[in-house]
Amino acid sequence: MTTTPRTLRVLVWGENRHEQVEPHVAKIYPDGMHGAIADGIRENLGDAATVTTTTLDEPEHGLTEEVLRETDVLVWWGHAAHSEVEDKVVERVHQHVLSGMGLLVLHSGHWSKIFGKLMGTTCTLRWRSEQDRELVWTVEPTHPIAQGVPNPIIIDQQEMYGEHFDIPTPDELIFISSFSGGEVFRSGCTFRRGHGRIFFFSPGDQDYPVYHHKDVRKVIANGVAWAKSDLPQRSLPTLLRYETGEFYQGHGYTGPIEEHGDE
């Protein structure tokens with residue numbers, strides 16, 4: 001008996017601020033950057049994925065417990081309003097990533113609260129915005145995220161991101177980028193936190209049409225497919241207390257004061 005794989009449930013989260021106040025950004029992305037990113041995922045994954053979008057100004061930023069429970073992979077783009085993301089929502093997303101929800105962090109999302117919380121570092125870097133050319137070089141050609149993309153990907157208009165990028169050593173380094181000023185950058189990295197898979201991919205600035213680039217869209221779609229955990233999403237492990245003879249199963253443990261205050 002065969003079972004049909006369940007459709008991948010993808011949620012693209014966009015800050016959606018530049019598009020509202022900067023006419024040149026609205027012209028490049030009339031449906032918002034989140035709309036362009038979502039279209040690229042649909043274009044590449046087709047019926048294998050159901051892709052929806054939400055934005056910062058939705059109630060609870062569109063990231064309610066009910067929404068996250070029904071999300072396999074969350075894609076995150078933010079830039080100008082990181083501080084406006086409520087800490088309680090960040091904590092909620094963090095718990096879901098540790099429990100197995102995949103996360104893609106794009107471009108200036110490197111400074112988002114959720115990425116910083118997961119990395120445990122400043123996530124700062126060098127940058128300049130001069131309509132530079134970016135070459136995205138594949139350094140791990142066997143990785144699923146690198147499949148079907150040229151080496152290098154040529155992006156004619158882009159903001160420069162350069163080293164040092166203050167992140168933990170990635171689990172896998174898939175892409176590095178080079179720029180006309182001689183700078184290089186770890187532009188495609190993976191991490192694992194708890195049961196969750198994380199992919200950071202840097203190409204994509206509001207001032208340039210990077211999310212319409214077919215190869216960038218392909219990488220993002222590959223990243224979405226990769227980030228879905230092979231394990232079912234589940235709640236975080238709890239500390240178990242057990243008595244002799246209960247080797248495999250224990251009692252739920254909430255803390256020494258609640259259960260053992262008299263010991």
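The secondary structure of the protein chain comes to eight helices and eleven strands; helices (H or I, at least four residues) and strands (E, at least two) are DSSP runs, numbered from the N terminus. This is a predicted model, in which local features need pLDDT of at least 70 and side-chain atom pairs count only at pLDDT 80 or more, while totals for chains, interfaces and linings use all residues. Residues are numbered from 1 along each chain as its sequence is written, and side-chain values use heavy atoms, with hydrogens and water left out.

**Whole chain**

- Of the 263 residues in the protein chain, 51% are buried; buried means under 20% relative accessible area, exposed over 50%, and partly exposed in between (1.4 Å probe, protein chains only).
- The protein chain has an accessible surface of about 13,000 Å², and carbon and sulfur atoms hold 52% of it. Such areas come from the Shrake-Rupley method with a 1.4 Å probe, and for residues only the protein chains shown count as cover.
- Among contacts (heavy atoms within 4.5 Å) between residues at least 6 apart in sequence, 71% join residues at least 24 apart.

**Nonpolar cores**

- A nonpolar core is a set of buried Ala, Val, Leu, Ile, Met, Phe, Trp, Tyr and Cys residues joined through side-chain atoms within 4.5 Å.
- The largest nonpolar core has 38 residues, and Ile-41, Phe-175 and Tyr-211 have the most contacts inside it. Helix 7 (residues 214-227) gives the most to this core, with seven residues.
- Leaving aside neighbours within four places in sequence, Tyr-211 is in contact with residues including Tyr-29, Met-33, Trp-77, Leu-106, Pro-203, Val-216, Arg-217 and Ile-220.
- A second, separate core has 32 residues, among them Leu-63, Leu-68, Cys-123 and Ile-198.

**Helix 5**

- Helix 5 (residues 87-98) has twelve residues, which at 1.5 Å a residue should span 16 Å; its end C-alpha atoms are 16 Å apart, so the two agree. The expected span is 1.5 Å times one less than the number of residues in the helix.
- The buried residues of helix 5 are listed as Val-89, Val-90, Arg-92, Val-93, His-94, His-96, Val-97 and Leu-98.
- In an α-helix there are 3.6 residues a turn, so residues three or four places apart point the same way.
- The cover over the buried residues of helix 5 includes helix 4 (65-69), helix 6 (113-119), strand 3 (73-77), strand 4 (102-106), strand 8 (184-193) and strand 9 (196-201).

**Salt bridges**

- The whole structure holds 17 salt bridges, where a salt bridge is a side-chain nitrogen of Lys or Arg within 4 Å of a carboxyl oxygen of Asp or Glu.
- Asp-72 and Arg-9 form a salt bridge through their side chains (3.1 Å, N to O). Asp-72 lies in the loop between helix 4 and strand 3 and Arg-9 in strand 1 (residues 8-14), so the pair ties together parts that are 63 residues apart in sequence. Asp-72 is buried at 4% relative accessible area, whereas Arg-9 is partly exposed at 23%.
- Glu-43 and Arg-217 form a salt bridge in which the closest N and O atoms are 3.2 Å apart. Glu-43 is in helix 3 (residues 32-45) and Arg-217 in helix 7, so this pair ties together parts that are 174 residues apart in sequence. Arg-217 counts as buried at 10% relative accessibility.
- Arg-92 and Glu-60 meet in a salt bridge of 2.8 Å, N to O. Arg-92 lies in helix 5 and Glu-60 in the loop between strand 2 (49-55) and helix 4, so parts that are 32 residues apart in sequence are tied together. Arg-92 is buried at 17% relative accessibility, and Glu-60 is partly exposed at 36%.
- Arg-128, Glu-130, Asp-132 and Glu-183 are linked in a network of salt bridges.

**Cysteines**

- The count of disulfides is zero, a disulfide being a pair of cysteine sulfur atoms within 2.5 Å.
- Cys-123 is buried at 0% relative accessible area, and Cys-189 is buried at 0%.

**Ala-81**

- Ala-81 is found in the loop between strand 3 and helix 5, and is buried at 2% relative accessibility.
- Leaving aside neighbours within four places in sequence, Ala-81 is in contact with Glu-15, Arg-17 and Leu-56.
- Ala-81 and Asn-16 are 65 residues apart along the chain, and their C-alpha atoms are separated by 9.5 Å.
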